[in-house]
Amino acid sequence: MNNRRINNSKIVKKQKIRKFNEFQKSAVALAAAASFALTLSSCEDVAQNAQTTQQRTQKEPSQTQSTAQEETYASTTLPFLPPPDIFTDGGILDAPDGTQPPATEPPATEPPATEPPATEPPATQPPATEAPATQPSVTEPPATEPPATEPPVTEPAPEPVVEVRQSIHFEKIPYSTFYAKDPNMYDDESVVTTKGREGTVKITVYSTYTDGVLTSSRSERETVSFSQACVITVGTKPSVTTEEKTVTETVEKYSTIYEECDTMDVGTTKVKTEGKDSVATRTYRYTYKRGELTGRELISESISERVDEVILVGTKEPVKDTSFGMPFIDAAHGGVDYSVTQYFSSSHTALDFGVYYGDPICAAMGGTVIAAYDEGDISKDNILWTYGTYVVIQHDGYKTYYAHLSSRTVSVGDRVEKGQVIGYSGNTGRVNSSAGGPYAGTHLHFEIRKYNASLGVYRTVDPTLYLPWWN
């Protein structure tokens, strides 16, 4: 009876082991999905459970190796173990050494075994966790089962390595350039009055590396030196200037042509056509570089034609006026009829007219001035000093004298015409007057002298024989 119960127990044991293996295969697939959810504390618990199992094995040497393997196996697969009734159903497992442990009385009722999914687990066992305290230890399965592997020991995560690296480099600050204008400098001139200088900035970069990976960085800027602006003075006065000039140049001079004219008196001339040179008018553009002439360019040019000068020359002989006129401007010619103050006589060979002081005295006939004296020019040793300022005019066969003038307007050699003013009445020389004052004795002493061909000399004649008042 007892043997049959033992055999039945072995059969039940093998069936449960087989069911366990099939259940374990399906649980491995679920463990692959759930393994990511395991926390670090679970890993530590597994490691601690493995260590506890090893210590208990060392403390209980009497226990067989199969019992330790079964506990290790159970601990490593505990999260995926089937319900406890698979192991504890009242059956008796064989000991590894073939001895039969004492029989225990099974419960009155045996719970039905649940068939796990028949899936083959992978070769790698899932991480093990410590079995609950109420879980009974089981004996080693048959030798056909694969031996349990030691679970890996998970070391605690190391503290991250944080490193701060420092790098320094320098950056140049460019300088600005300003231009100052100088009107006294040419526009192609420039002078650096202030030399530019670059500034320098020190840049320190702090880089943080965690486990060799750059995680953050920051930089600090420090001005080492400031930049200095560059000042350049440039000229504004034009270096190149232009100027236009018109130049007149004579190309060919004109000639003078004389033509006779019988309607003009002999000795007279008249310009018929004004002469003009041939002239070139050219306009040039002059170019100057800093005030010095560097070039000349012809812009326009025009040349005028030459025009010869034509002068008419008189060939008509004039009719000579041999008649005398009055030696002053009489009333018939817009003047005054002055009275005769003294007539011609053997002791006074002239006519004296009472012409007012400063009134004009005129030539009685056309001729040439042959004598002209001012008062004081003749010494008193010469009788002619008594004439004072006087003028003598030579006519054809006659001479006329005009004495006691205050001033004269002609000189020796002048050609005068009849009625031309030759001086002004006065009282120079020797005059007789009972009145006093600056104008006392003012009058015109007028003489006519006629040429005597038989004697070859000029003789005074009575002017009343020739003047128009008496003829």
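How many salt bridges does the structure hold? This is a predicted model, and the structure holds 15 salt bridges.

Begin by selecting Glu189 and Arg290, which form a salt bridge whose closest N and O atoms are 3.6 Å apart. The pair links distant parts of the chain, 101 residues apart, with Glu189 in the loop between strands E2 (177-186) and E3 (190-194) and Arg290 in the loop between strands E10 (278-289) and E11 (292-303). Glu189 is partly exposed at a relative accessible area of 26%, and Arg290 is partly exposed at 36%.

Next, select Arg282 and Glu249, whose side chains meet in a salt bridge with an N to O distance of 2.3 Å. Here strand E10, which holds Arg282, is linked to strand E7 (residues 240-252), which holds Glu249, across 33 residues. Arg282 counts as buried at 15% relative accessibility, whereas Glu249 counts as partly exposed at 33%.

Now move to Asp330, in the loop between strand E12 (309-316) and strand E13 (340-342). Asp330 is buried yet has no salt bridge, and the nearest side chain of opposite charge, that of Lys418, is 9.9 Å away. Beyond its neighbours within four places in sequence, Asp330 is in contact with Gly335, Val336, Asp337 and Trp469.

Finally, select Ile168, Phe170 and Val224, which make a nonpolar surface patch of about 300 Å²; Val224 lies in strand E5 (residues 213-225).

Technical notes. Residues are numbered from 1 along each chain as its sequence is written. This is a predicted model: local features need pLDDT of at least 70, side-chain atom pairs count only at pLDDT 80 or more; totals for chains, interfaces and linings use all residues. Side-chain values use heavy atoms; hydrogens and water are left out. Patches are made of residues with over 30% relative accessible area and no salt bridge: like charges are joined within 9 Å, nonpolar side chains (Val, Leu, Ile, Met, Phe, Trp, Tyr) within 5 Å. Accessible areas come from the Shrake-Rupley method with a 1.4 Å probe; for residues, only the protein chains shown count as cover. A salt bridge is a side-chain nitrogen of Lys or Arg within 4 Å of a carboxyl oxygen of Asp or Glu. Helices (H or I, at least four residues) and strands (E, at least two) are DSSP runs, numbered from the N terminus. Buried means under 20% relative accessible area, exposed over 50%, partly exposed in between (1.4 Å probe, protein chains only). Lys and Arg count as positive and Asp and Glu as negative; His and the chain ends are not counted. Contact means heavy atoms within 4.5 Å.
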